[in-house]
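Have the chains open in your viewer and follow along.

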Amino acid sequence: MNPIKQIELADGVVFNSIYDNRFKTMKLLTNIFLPLSEDTASVNALLCYVLVRCCKKYPDMVKMSRKLGSLYGAEVNGSVSKMSDMQCLKIDIGGLADKYAINNENISAELSQLLCEVLFNPKVENGKFDEGDMLQEKRQILDMLDSEFNDKRVYASQRLIETMCADEVYGIKWCGTREQIEAVTTEDLFKAWQNMLKTAHFEITFVGESNPENAAEVIKNSFKEINRDAVDLSTDVVYTVFEEKNVTEKMDVAQSKLEIGFRTACAEPEPETVATRLMSVILGGTASSKLFNNVREKKSLCYYCMARYQRLKGIMVIESGVETANIEAAKEAILAEVEDMKNGNISDFEINSAKLAIINSTLGVTDTVTGLSSWYSSQVMDAEVDTPEQACEKINAVTKEEIVNAAKKLMLDTIFVLKAGE
Amino acid sequence: MSKVSEIKSARTGDMYYKIEHDSGLTIYLYPKRDYNSKYAIFGTRYGSINNAFSLDGGEVKKVPDGIAHYLEHKMFECEDGDAFVKYAKTGANANAYTSFNKTCYLFSCTENFDESFEILLDFVQSPYFTEETVAKEQGIIGQEIRMYDDSAEWVVMFNLLKNMYKSHPVQIDIAGTVESIAEITPELLYDCYYTFYNLNNMVLCVSGDLSVEDILKTADKKLKKCEKHTIENYFENEPYEVCSHYVEQSFPISVPLFNFGYKGKSHKVSQKETAEIDIIMTVLTSPSFELYNKLDKAELINQTFDAEYFDGEGYNSVIFSGESRSPKEAGEMIKDYIENLKQNGISPDDFEIAKREVYGDLLSSLNNVEAISNALVDAHFNDTDIFGFIDDVAGCTSDDVNNRLKKMFDTDNTTLSVILPVKE
């Protein structure tokens, strides 16, 4: 892999380019960071989907889609997520590398231009977005919200975070509430768009074989018109648990879901996040982890039981699906594994296999266009930006003592149970 | 000596090797220079639908539902320990899955490929089942089945299949039921294993920065020669007609889900036919075309809308799926539109855009070692070639596609499956 080149196109607008000729495709990924807040989460989320729907040049979904289709099925996708206390709007443009165009089209140049159309020339008039476009995207986003409830695993995991972080910014949903989405107007969208161009932190990453300077130049020129005042990227981390929370919700489903949330008292930019991550993988990140081996394989209590660490927020979540009659047994078995880690009962085999698993998946990110482009944007809030190789060195250097220390800091915060039954 | 041949594609600039190994196994290697990732997948032509079979003209055996999937779980347990524990020493990310017509074991890694490759070849060739280990799996798979019981997407599909197929086993849940898996014994597992896990019935596909020598040094050491046998699969006679046109069920969900299926006449689909079908399916599902937009404007679908050409031994159908506030209206609109399209044909403009979308998708999939190897498995089991398929798509004409379209959809042979939210 070739090294990443970084240039700042404007205040808080970073352009990353990675030259790579191994792929059949190219990608231009834009991550737009805004502070997550109750007042703006809905309008920002909606804005992202309205922007990728169409633009002035391709003023409806069909025209936009056919333009992309004729460029050999190129894609423009929008998605919205939370990255700790920031809201991240992702606009992702990708298509075939120029050399595979049957009729010699300059696909990469067309797509760079299209990104600018999407960001800077949306279908706006008199300080408003188009009403019809907004209504269609409102419907889509409300359906997405509803379908999170359709998937009980997703639902249970979100209820845990809502309960655990009820008094924190992080407790806000990626798209705010249903009522807030419904209340957004076309003027609100316009203001949010202008606010985004003025204040958001932009990370734009180009991966591929074509010349990225063309794309950088076009984007830079578009930002020239804008008086930038970029926001800081920041997050609040909670270091204490005042009161353990237990919430049980009943539902008419077959399998109960158990979600256990811990505070890790360790988050970016602290260097100990590396040890905490390794600790969570030893506990429940692989098919040779403590949870998989003991709770699933030995006790046959579940099909899945895994741990996930959110290093930006300092939270670790363990989740599992169990028979209602086994909820208590599973809870006990899981917490016993956590105690075991705290007491230092970790074998060299467990440590080494977790290290190897992390290294294997980390080195693999350079082999996909998406992996490469996300690798850097996922570190935008870190103290240091590592290459995959550097990240592996850090993982390798972690000692057992550091892992045990990370485990000792774990504080049980919230248990959420979705209890199956009539 | 094993026979090695090279398959090249001028269009993509790529090539792969086909190795007919002495052991009876066909191996494919798709080199990806300068990639860190390596991926290997070892598959057998054996899935949940193969529940009645005979070996070399012997008696027909009927086995419990879900046994192929159960066998997949139990293969990881070896006499000298668990395969996952062995992989833990190499760092590979290993997994397996069972579908309607195949079972596959796979791993991806960046380091220690040789060691992981040995583990894969070893454990898939070393069945080890005891009363005790078989009993232990009941709880784990029981929870897997319960998890799918709660998945509205899974249930809406199987309700559709049950409504579409009267006797073909494609309508039976891949994992079986808690009751059917209780009948599984070590003897039955061995029977299935020795019938279907014969190297002549299997395929091994590898992709990454590797050479034929890298593959053969392990393959020659580990693969145990298999005699070729004749496997016969039995399926009860399946009527042409669907069982009924509509089924619904209630679930604790907020957005209704639907599957809308056209049952077709069962036949083996050729590579050229698949290319034509892919273009047709794109016209019917992509936002670039009229059907998606009609449905979207009428608020009958959202972005989850999709369709699949669903075929295998003894079944061929097309299944539309998605979330919809009015699934019945969505189904009607799809039906009317397709009837019309059959009459009027796909326009030259639409044809060209759809073809480009399919072509772009296929080329993009060659970026990824996993996608490549998975495609090679399917191509081998379907007697097709991944490069020839790209050429077939590029060479498709509008006439081919319109002729195919006329034969594909029988409006009188459809069924709609719906999951509705529970009424408060």
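In chain B, the domain assignment gives domain 1 (3–233) and domain 2 (246–421). Please keep in mind that this is a predicted model. The C-alpha centres of domain 1 of chain B and domain 2 of chain B are 27 Å apart.

**Where the domains of chain B meet**

- Domain 1 of chain B brings 40 residues to the contact, and domain 2 of chain B brings 33 residues.
- On the side of domain 1 of chain B that touches domain 2 of chain B, at least two residues each come from β1 (3–9), β3 (26–31), β4 (38–44), β10 (103–109), α5 (152–164) and β11 (202–208) of chain B.
- With nine residues, α5(B) gives the most to that side of domain 1 of chain B.
- Sorted by class, this side of domain 1 of chain B holds 20 nonpolar, 13 polar and seven charged residues.

**Where the domains of chain A meet**

- Chain A is split into domain 1 (5–224) and domain 2 (245–420), and the C-alpha centres of these two domains lie 30 Å apart.
- In chain A, 24 residues of domain 1 are in contact with 24 residues of domain 2.
- The side of domain 1 of chain A that touches domain 2 of chain A draws at least two residues from each of β2 (13–19), β3 (25–35), α5 (152–164) and β8 (201–208) of chain A.
- Here α5(A) gives the most, with eight residues.
- This side of domain 1 of chain A has ten nonpolar, eight polar and six charged residues.

Key: Residues numbered from 1 in each chain as written. Chains lettered and ligands numbered in written order. Predicted model: local features only at pLDDT ≥ 70, side-chain atom pairs only at ≥ 80, totals over all residues. Domains from an automatic or database assignment. Contact = placed C-beta atoms within 7 Å. Helix = DSSP H or I, 4+ residues; strand = E, 2+ residues; numbered from the N terminus. Nonpolar A, V, L, I, M, F, W, Y, C, P; charged D, E, K, R; others polar.
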